[in-house]
Amino acid sequence: MVVLLLFSLLLAGALSQDAEPIRETEIGRQGGFVALRCGFSDVTWSKNVNGEQTDVKTLGDRRYIVTADGTMYISRLKEIDAAVYTCTKFDTPIKEVTVAMAARPTIAISPSDVTVHVGALIHLPCEAQGDPKPTIEWRVGRSQLRNVPVISDDLTEEEIRNYAGGNFLVTEKGHLYIRDVTPGYSAQYICMATNDGGSSWATSRVLVLDPPKITTRPQDTNSLDADIIGIACRANGNPNPKITWRVETFENITIVEPENHPSGRYETDAYKTLRIRFPLPSDSGKYICVATNAGGVTEASAILQVLITPQFREPPKDAWVPFGGSAVFSCSVFGSPTPVIEWFKDNQYLPFSQTYEIQHVTRPGEVQERLVFRSIQFEDTGFYECRASNLAGTSRHEFSLAVTDATPFPGDRFVSDALDYAQEFVQSAIQETQIILKARFNAPNFNPTPQDLFHMVRQPTRQALYMAMSAEVFEHAMDYIHEQIEALNVTSMERNNVPLGSLLSPEAIDHLEDLSGCHRRKRQPKCQMRCQGMSFRSHDGTCNNIKHPTWGSSLNKINRFLPALYENKYNTPRGWGRTLPSARMISQRLIRTYTTKAHSQFSVLMMHFGQFVDHDLAQTVAGPSETSFAPFLRVRCEQTCTNTMPCFPIEVHSNDSRIDAACMPFVRSASICGTGDTSVFGKETRVREQLNQVTSFLDASTVYGSADQEMETLRDRSANKGQLRVGEESIPGKHFLPIEDNLIPEEMESDRRCIGRAATVFLDCFIAGDFRVTEQPGLTTLHTLFMRQHNEIAYNLAEVNPQWNDDRIYEEARKIIGGVMQHITYQEYLPKVLGVEGMEQIGDYTGYDSDVDASLLNEFSTAAFRFGHTLIPPTLFRRGKNYDKFELGDMPLHNSFFTPYRLLDEGGVDPIIRGMIMQNLKLPDGKLSDSLTERLFHVVAQVALDLAAINIQRGRDHAIPTYNDMRQVCGMRRALDFHDLQGEIRNATTRQLLSELYSSVDEIDLWVGGLEEDIVEGGLVGPTFRCIIAEQFKRVRDGDRFWFESDKHFTQEQIRQIKKITMAKVFCDSGDKIEKVPVDVFMYNSDAHKFTQCKDLPKFDYSAFVDCGGADYLRYQSYLYDGTPGSTDLTGTSDAISNGPRTTTGTFGSTLTPGGTTGSPPDEGTGTTDSGTATTDGGTDTTDRVTAATDGGTDTTDRVTAATDGGTSATDAATEGGTLTGGRGGMEKTATTVVVYPTPATSYAREDLQDVVTKDPVETPANPIEGRADSEFDEAVVARLTVRDDLEALMKSLDEMNRQLDMLNYKVALVETKAEKLEERMLVEGGCLVAGKVYEQSERWNGDECTVCTCQGGAVTCEPNPACAKLTL
Ligand code: HEM
């Protein structure tokens, strides 16, 4: 303590002696440290901050450390440390140390970025200033350049280049030289100047350019049969080269970059390999790979040859030509490269002759030579050959020329040319369309136009496509023949008045039919008369009417009320050549509306269900080609404003409010060759007719499809329970429709992509019996409900009938669903469309009438039933669980086309069902919402379609008669002028507009006139549409053998059950979780409190459908008369049987009333009247039979006649008497008994069975032939006696034989179906064994090549086939 005190005193003395602190300066550098020494311990260091002394301890900066000896260290120096620091002891400043920071160097000269070529000398200058003098070092990226020789700054460039050492040199001042650079020297170079004050740097980016070098060169490629071709090209260089492609096709020397290629089939992958999908000959050309970088451009090219072995578009045909006549054999071949044609006669090169010349036409990829004979001589007879060769191979075609006497048929000589012409232009246009559509819909960057979506609702099935193609070829060939004949002035008659038979010989017509494909397309359905065929509908509707098996079937001709109204009388539409008001103009001025009025009574379900019904009945087959057939104007319909088959564009006026184009695209519907029950055109010239792709029966074809193939795709056979395939679950147990997937067979193969929530995302669509299913969510909902309803019914039927197999359950459930559809349509829907009078026109149901044709009427589908388009609101409502607001809101119509996600992702079907109930129907005021006229099928920023304009144009395309024509048919007066329309169109403004649009009242299109009529009381249409719609629905009911109320298919009890299923019940049963509904869901009802609970709706009683397994049930089900003598008649009433001889009477198809209209059967041979009645009702020659009857068995001759009328001769009747000869069933009359034999044919009409019920004679008559002398008669009598004795046995064996026959027929049908299928498959896959028969040849289309396949020893070899080009698509 004493020592310390002493020391303090000494120090104080010392300090007081020298009061000024010692001053020092310390220089620090960034990041370094300084030590400030004080010389005393226990001192305080302060820092002068802004003029104030602050104890460093209070600064809280850990870099300041004062040690015990009083030294302060400041580490990691920063700029802020530059200050004056004072060391103080006993409050006396001892030392003041100024800390200053050394300055970092500054870069005086910095290098800039350099781009040079390989081998260059690079000079990167860099100089720095600073104190102390900075040193300079160089870095490349992160690495320091070491051991770099230092050279004088004064060296010349030459000296530097030659200086010994490596590539890097640094000058004394710090400049860097890099010599002989390669791309590897490309880098960032850093000049770093350093001194005590720190470092500064400057950078230079050096790029040593290396021009592209192609490492993988594109290879010349010959492609045959490839689906995709890849042409690779790789390049390197510095910087990495970019590869682009240029295509110079041989055809048109256009230069296109692949991505911009108009076909959309070109793409490049990540490695820039060029890929061409579905290569066509037109793709042949030079493919130039262009590699580019900053150093330059390098190109390499390859030649692509898309090879196609020569194929005959249509090879020359055999010809028989009159002596001195002329003939042209056209050999038109395509192939790639373009083939060369050579001609041979009798296996020798064609010898020189004065009588012919060869004309030559070549287009890229195609060559046509015509061997033209001007004046044929007999020595020209022979076998000729047209041989075509190219790199890919050789094809030959032989034909013969026979010289005959003159022919009277002027058209014959043009047949071959006509077919050449038609096939060339029609088939190639169709092929092109199919290829383009396939490519478009499969493109990874699919971006649909409204036309694409439109295509999705008008898509022909493959079968329809073939039919349509044949029809077009036939029609165009005929056009050609007519033109040629007219040019020769052979006939000046109007074409449609010239019978085909007078123009062409029968052989030529056959030839035309055959080669156009029409012959093959004729359908002659074979109807099964037992079991399946009698109990259940076919899927395609054939054999519904047994006398006319194609009536009402799918792919059948659409009928007409009135003759077709074509501008040229046979195939060009009104407005084709002459002026009619533009359909778009009518739509804009008269039909479009932006405001809609609500119907006060009906719900919008009327619209949705109407569309569902429409799709059950009608789907006009769309034209197979969207490219024109014109020989020299091959253009896509969407790119032309010219009428050129099949393009019929809709004119757009310059003042159009929306569309800035001269026209809207429109493609004509397909036409039909002929139906199964008539020959092609019945050998008559006839007008263009359209065809229906679906059955026109109301048979729920929307659920099951209109062809067996469709049905197979839709059925779920896995559980053997008659179920339909389903998709995802919506809620447990309730499924959505299945989604289109790879299971779809080619038949149903579709160009379909649906729209996802983001309009640019595309998904698979749902599948159902009708491919328009996803067109709008309401329609999709109804499809879903009926699919579920089927499955529910099938499930329950299987429960009560465990012995039934998959098919039986499926068919029985389908039968019920058909009945439900019919019941709802006629009980709930139609009365609201037609009103009371319209329903009276349909009348009560009185039974099936086989003379009624239930086929579609063109006026119905192309005009009247399109009234439904006026019912469509611009927005579709959706409602929540309690019919309140739905959280996702309503659906604007224009955002709802083809959107399955509206169901899948937005709450299932229930919100839409409730919306249908709670939304008023749009008032049918003759107007269509702008959603349909301005925004139909628009996706993203595309020019949308106009449904009203399409409807009008379609009416013209289909040659629908005018409104005025139809008024007359419907019992109204023909209007003389526009004012005269006031009875039906009261609105004067509408009449005024009509008069401004149309030049005459006779021009008004049916759809327009009908739409504008005032609505009939209680209905939704005017009188003209009412008349058409009522007639169609009457036919659909009365002409349907399977109509549910016809008492042949269901018991009365079953019909009662079916009638319990209303639309409300369908909503309840098949909705996701609908709990309450109005009883009539077609009526608008806004008060959900008054709705009925689903559980309170009538229950469907499945016990009515229990099959007890007895013969009765089966007989009932198949409503077959089983042929057993003594069995009951078809009505189930059996009273006639007790009354002696039993003749049963009745008109065709009618209910049989035993005993005939007189009420009693003929007795003991005296019943003339009765027999007469029976005979008349039998439907054949009354007189003879009456005579037979009158004679009461005493007149031999008459009996013979009677037998003849029965369809067999007397002798036959007598000797064979039931031994199954052909005919309608004969009739024998004995003194006491009338015996009518059933038709002993392999198949017989159901109606015939109903007319002629076989009964055995109850009593053996007293010898009926006593006293006869006539020997012929005696023979007959002996024979008849034999027959009579054995009658019972005979009938039994007859029955057995029939049964076996049916079985046989069934098997034959099966085999035939299989054979057809195999044959079909052969077309695609090739093959040789079909239904046990070896086929020598088959044809197949394999990519782009058409081949003939020959079968030898079970192996198939295929060669190019000239003949099958016409089959291909
Ligand atoms: C949102 C609802 C609907 C849309 C988007 C729609 C759209 C279409 C389209 C695009 C066509 C093809 C036109 C042609 O090219 O000729 C068509 C045809 C037709 N529509 Fe509609 N439609 C709807 C509702 C209805 C309704 C409610 C009915 C009747 C009650 C109906 C009856 C018809 C008829 C009869 C055809 C002709 C069918 C044929 O023969 O192919 N449509 N519809």
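Q: What is the torsion about the S-S bond of Cys-641 and Cys-663, and what hand does that give the disulfide?

A: A disulfide here is a pair of cysteine sulfur atoms within 2.5 Å. For Cys-641 and Cys-663 the torsion is about -80 degrees, so this one is left-handed. Their sulfurs sit 2.0 Å apart. Keep in mind that this is a predicted model: local features need pLDDT of at least 70, side-chain atom pairs count only at pLDDT 80 or more, and totals for chains, interfaces and linings use all residues. Residues are numbered from 1 along each chain as its sequence is written, and side-chain values use heavy atoms, leaving out hydrogens and water.

Q: Is Cys-641 buried or exposed, or something in between?

A: Buried means under 20% relative accessible area, exposed over 50%, partly exposed in between (1.4 Å probe, protein chains only). At 46%, Cys-641 is partly exposed, whereas Cys-663, at 15%, is buried.

Q: Which protein atom is the donor to the iron of the ligand?

A: Donors are N, O and S atoms within 2.8 Å of the metal (3.2 Å for Na, K and Ca); with water not among the atoms, sites may look incomplete. Here the single protein donor is NE2 of His-869, 2.1 Å away. His-869 belongs to the loop between helix H16 (858–862) and strand E49 (875–876).

Note on methods
Helices (H or I, at least four residues) and strands (E, at least two) are DSSP runs, numbered from the N terminus.
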